[in-house]
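Subject: The structure we talked about

Hello,

Here is the structure I promised to pass along. Have a look at it first, and my notes follow just below.

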Amino acid sequence: MEAPAYRQGQKEGCRQAPVSDPELAPERRREELPRGRTLVVREARPTDLAALQGFYRELEPEDIYRRFFTSRMPDDTFFERLLAASDQGGGCLVVEVIEPDGSTSLVGEADHQPASGAANELGIVVGEDWRGWLGRYLFDALLEDAAAKGHDDLEAYILASNRPMLSLTRAHHHVLVGDNDWSVVRVVVGTHSDTPVWVDDGVRPRVLVEVPGGHWHAAAEAERAGLRVLACPGPGARSETCPALHGEACPLAEEADVVVVSPRQNDAEWATLLEAHERCHPGVPVVIDGRNRATVQGRVKLPADDHEAIVALIETVEATSGCQSEESTSKGSAHE
Ligand SMILES: CC(C)(COP(=O)(O)OP(=O)(O)OC[C@H]1O[C@@H](n2cnc3c(N)ncnc32)[C@H](O)[C@@H]1OP(=O)(O)O)[C@@H](O)C(=O)NCCC(=O)NCCS
């Protein structure tokens, strides 16, 4: 399997990729700044190589670590890949500041490139002096770039301790992909709306899990069994971006084969979310993860800690489409 893109710049001896056509390096955004300066976001072009390398060399070791999960500076291959991203099904944007005398400096870079997952993988860095707003601004421009190129979702590998980056993706209602460990999270953001969609990589059943924090205890087992798992962190600080909680259909739930809800015990918002899924997506079975021992009367309840049984049950639920069969696993027939 191909390595995640964030590690690819660290590999030695990769082939040199073709560079982008300079004619295809349009400007995306322009802002007039105080003291006669201008900020421009545009697609990277081959002549940016030295400025890009200089920009990365100036970053603090912690920023390099957050970007690459190693303190080693990326090698030339990394920069060649950035500049070739548009030709390889991705994109690379740079932020340039133009001084009144016409001199320029590069203060940010964001890219998305094909990698091991179904969606392109994104990376972003903003110079320390420019943080506080530019991250969000550049991130939005990157999502626009990806959407314009036909990508519905982007993925990112983020250190669990990288709060600014997690804030950026969370603001776009990120969902977590499959099995996340506690040090690195793999998130997906939608490029068109606040909610991602399933990228059709042919893997089914698609299991959408609503679980506090987005960490589902059965994710690894489910992935090993060939299920595709996306996890939403459920109600909480970002409730405003959850369509189901606003009585609207959620594109992820609508296209899922089963929704698993692992509610917080005695939490009214979680109970509302559970009912919202059943009401807004009537064709999609909703099952309760028994681990949190919430009230599940009249609903399918997953066994608490038997992961294999969970996977088997999800597959049965999916096979009985609509969950209306007479089997004991069907919605409405399984009681606690
Ligand atoms: C990630 C990065 C691009 C964000 O850029 P930024 O300009 O700092 O972005 P913002 O200022 O808009 O901050 C983003 C969010 O993080 C929050 N934030 C910033 N610093 C924070 C901190 N120390 N602790 C917690 N949250 C923080 C902001 O409040 C904001 O949250 P909000 O949208 O809910 O208000 C920038 O921090 C960076 O370049 N980091 C180093 C490289 C990196 O980590 N890349 C990501 C790996 S792909």
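In this predicted model, strand β11 (residues 258-261), helix α9 (residues 268-280) and strand β12 form a β-α-β unit that is right-handed. The two strands of the unit, β11 and β12, run parallel and pair over 3 bridges.

Next, the antiparallel part. Strand β3 (residues 91-98) pairs with β4 in the antiparallel sense, over 8 bridges, and E96 stands opposite L106 in β4. The hairpin of β3 and β4 has 5 residues between the strands, and there G102 takes a positive phi near 90 degrees. On to β5: it runs antiparallel to β4, with 6 bridges joining the two, and A110 has I124 in β5 as its bridge partner. How enclosed is β4 itself? Of the 10 residues in this strand (residues 104-113), 8 are buried, so the rest of the structure largely encloses it.

Now for the ligand, which may be the part you want to see. There are 22 residues around the ligand, and R66, R131, G135, R163 and S167 come nearest. Which helix or strand gives the largest share of that shell? Helix α6 does, with 5 residues. At least two residues each come from α3 (61-68), β5 (120-126), α5 (134-148), β6 (153-159) and α6 (163-170). Sorted by class, the shell holds 11 nonpolar, 5 polar and 6 charged residues.

As for the protein chain as a whole, it has 10 helices and 13 strands. Buried residues account for 40% of its 336 residues. Among contacts with a separation of 6 or more, 63% are between residues 24 or more positions apart.

Finally, a word on confidence. The mean pLDDT of the protein chain is 82, and 81% of the residues reach 70 or more. Over residues 6-24 the pLDDT is below 50, and this stretch has 42 contacts in the model beyond near neighbours in sequence. Residues 321-336 also have a pLDDT below 50, with 34 contacts beyond near neighbours in sequence.

How values were computed: Residues numbered from 1 in each chain as written. Predicted model: local features only at pLDDT ≥ 70, side-chain atom pairs only at ≥ 80, totals over all residues. Pairing = 2+ DSSP bridges. Helix = DSSP H or I, 4+ residues; strand = E, 2+ residues; numbered from the N terminus. Right-handed = clockwise from strand over helix to strand, strands pointing away. Near = placed C-beta within 6 Å. Nonpolar A, V, L, I, M, F, W, Y, C, P; charged D, E, K, R; others polar. Buried ≥ 20, exposed ≤ 12 C-beta atoms within 10 Å, placed from the backbone. Contact = placed C-beta atoms within 7 Å. pLDDT = per-residue confidence, 0-100.
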